[in-house]
Amino acid sequence: MAKIIPSVKRAFEILELFLDGTSSFSVPEIAQRLGLPRTTAYELVQTLLACGYFEKTYNQPHRFTLGLRVFELGNVFSARLDIAEEGQKIAKKISKICDETVQMAIRDNTDAVFVIKVDSSQTLRLVSAVGSRLPAHCTAVGKMMLSALTDVELKALYKGHNRLRGMTANSITTIKGLVSELAVIRKHGYAYDDCESNEEARCVAAPVYDRNGSICAAMSITVPVSRMDSNRKNELAAIVQDGAKELSHRLGYWLDRVELRSAQD
């Protein structure tokens, strides 16, 4: 477990006091709320003030409010959330075309975190839901995002994992197997989940690129085993690739322009 630095944790706890809507706090109030010695609270407040995360309240120099730096960080985070808004539009479009369940996920370390889900008109039981996380190596979206890593980066990410946790009998459980699978994914440009996270469902996923050309997310179409033969797989792969490409375009990534620049260099 990573070591937690108490002073840093307390500084964040002070910032989080504003989550209840209070506009300003004094040092004694902060100390009382968090059970801190006044001297400690004072030193932390002065640090936040010096770094721009706090400002003195106008006409009340002994009270403090959030500073401009918090606003700047919030704007950076808000810019990231554009992908969720645009992704929701594309997911609905894809689902309407194929009448299947569409999801989008981002990667957090070795997990795929699902941020969007659009249900089809047909019932489908999934182990994933918005806000849930699954082992990336067990999902089409997760493997798609892992394929952006080199083999060296992948092995570093899973350092210390002698065996990967499986979710079904079909799950990949070795680094060697994962490396081999990711090579196939890079070649085809899409990822496939053959009942690896859910024994009753198969998924096909495509990459979403940000304006810098990095894979920032993945979109997938999930169907029951009974509706996924090889022809349907190819059909859905093309649909989700088109949708992911459109989302990438909306995020500022244009593959054709990148290829054109490369050809001219």
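Me: What makes the link between the side chains of T173 and R163 a polar contact?

Reply: The distance joining these two side chains is 3.2 Å. A polar contact is a pair of N or O atoms within 3.5 Å; within protein, one must be able to donate a hydrogen and the other to accept it, and residues adjacent in sequence count only if both atoms are side-chain atoms. The 3.2 Å value lies within that limit, so the term applies. This is a predicted model: local features need pLDDT of at least 70, side-chain atom pairs count only at pLDDT 80 or more, and totals for chains, interfaces and linings use all residues. Residues are numbered from 1 along each chain as its sequence is written, and side-chain values use heavy atoms, without hydrogens and water.

Me: Where is T173, and what does it touch beyond its neighbours within four places in sequence?

Reply: T173 sits in the loop between α6 (151–157) and α7 (175–188). Helices (H or I, at least four residues) and strands (E, at least two) are DSSP runs, numbered from the N terminus. Its contacts (heavy atoms within 4.5 Å) are R163, L164 and G166.

Me: Is T110 called buried or exposed, and why?

Reply: Buried. The cut-offs are under 20% relative accessible area for buried, over 50% for exposed, and partly exposed in between (1.4 Å probe, protein chains only). T110 has 17%, so it counts as buried. T110 lies in the loop between β4 (101–108) and β5 (111–118). Apart from neighbours within four places, it contacts L134, P135, A136, L157 and Y158.

Me: How do you know which class P6 and V8 belong to?

Reply: P6 has 45% and is partly exposed. V8, at 38%, is partly exposed too. P6 is in helix α1, and V8 is in helix α1 (residues 6–16).

Me: What makes β2 and β3 paired strands?

Reply: Two strands pair if DSSP finds at least two bridges between them. β2 and β3 (residues 60–66) have four bridges, in the antiparallel sense, so they qualify. Across this pair, K56 stands opposite F64 in β3.

Me: Why are β1 and β2 edge strands?

Reply: The open, antiparallel sheet has three strands, in the order β1-β3-β2. β1 (25–26) and β2 (54–57) each have a single partner, so one side of each lacks a neighbour in the sheet.

Me: How far apart are P6 and I106 in sequence and in space?

Reply: They are 100 residues apart in sequence and 30 Å apart in space, C-alpha to C-alpha.
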